[in-house]
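Reader: Could you walk me through how to read the side-chain features of a model like this one? I would like the general idea and then the case at hand.

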Amino acid sequence: MNNQKPLNEEVIMSHVEYLRGLESQGELILSGPFTDYPGGMVIVIAEDLNEATNIANSDPFIASGYKSYEIRTLMLANEENNYLLGELDPRSTS
């Protein structure tokens with residue numbers, strides 16, 4: 001998320017309540033402001049890009065125009081999937 005206009009306590013509280021709802025539904029992985037750059041990040045579990053977009057657009061920060069956002073997808077690499085060895089083309093830069 002990127003800042004678009006100064007935040008106020010009301011929209012911050014609404015955002016926190018929204019995050020609590022995502023967490024109670026098992027959709028929130030982590031969230032918080034950047035310490036070295038304006039804006040912040042919310043990481044959620046979503047079935048597809050459409051669901052992720054709906055989650056983002058429903059956040060009070062976005063719905064009220066206080067922040068804009070960019071969605072990125074992540075392929076999880078861990079021991080369980082051998083850190084994706086053999087899954088990705090080593091020549092890929094993205």
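This is a predicted model: local features need pLDDT of at least 70, side-chain atom pairs count only at pLDDT 80 or more; totals for chains, interfaces and linings use all residues.

Reader: Happy with that. How many aromatic pairs does a search of the whole structure find?

Author: A pair of aromatic rings is described by the distance of the centres and the angle of the planes. Rings of Phe, Tyr and Trp (its six-membered ring) pair if their centres lie within 6.5 Å; planes under 30 degrees apart count as stacked, over 60 as edge-to-face and the rest as tilted. The search of the whole structure gives one aromatic pair. Its rings belong to Phe34 and Tyr37, with centres 6.3 Å apart and planes at 70°, so the pair is edge-to-face.

Reader: Where does Phe34 lie, and which residues does Phe34 touch?

Author: Phe34 is in the loop between β2 and β3; helices (H or I, at least four residues) and strands (E, at least two) are DSSP runs, numbered from the N terminus. Contact means heavy atoms within 4.5 Å. Not counting residues up to four places away in sequence, Phe34 touches Gly39, Gly40 and Met41. For accessibility, buried means under 20% relative accessible area, exposed over 50%, and partly exposed in between (1.4 Å probe, protein chains only). Phe34 is partly exposed at 33%, and Tyr37 is exposed at 53%.

Reader: Now the charges, please. How many salt bridges are there?

Author: Side chains of opposite charge can pair when their charged atoms come close. The rule asks for a side-chain nitrogen of Lys or Arg within 4 Å of a carboxyl oxygen of Asp or Glu, and the count comes to two salt bridges. One joins Glu17 and Arg20, with the closest N and O atoms 2.6 Å apart. Because Glu17 and Arg20 are three residues apart in helix α1, about one helical turn separates them. Glu17 is partly exposed at 45%, as is Arg20 at 49%. Another joins Arg72 and Glu70, whose closest N and O atoms are 2.3 Å apart; Arg72 is exposed at 67% and Glu70 is exposed at 52%.

Reader: And which buried residue has no salt bridge?

Author: That is Glu27: its nearest side chain of opposite charge, Arg20, is 15 Å away. Here Lys and Arg count as positive and Asp and Glu as negative, with His and the chain ends not counted. Glu27 lies in the loop between α1 (9-24) and β2 (28-33). Leaving aside neighbours within four places in sequence, its contacts include Leu22, Ile43, Val44 and Glu51.

Technical notes:
Residues are numbered from 1 along each chain as its sequence is written. Side-chain values use heavy atoms; hydrogens and water are left out.
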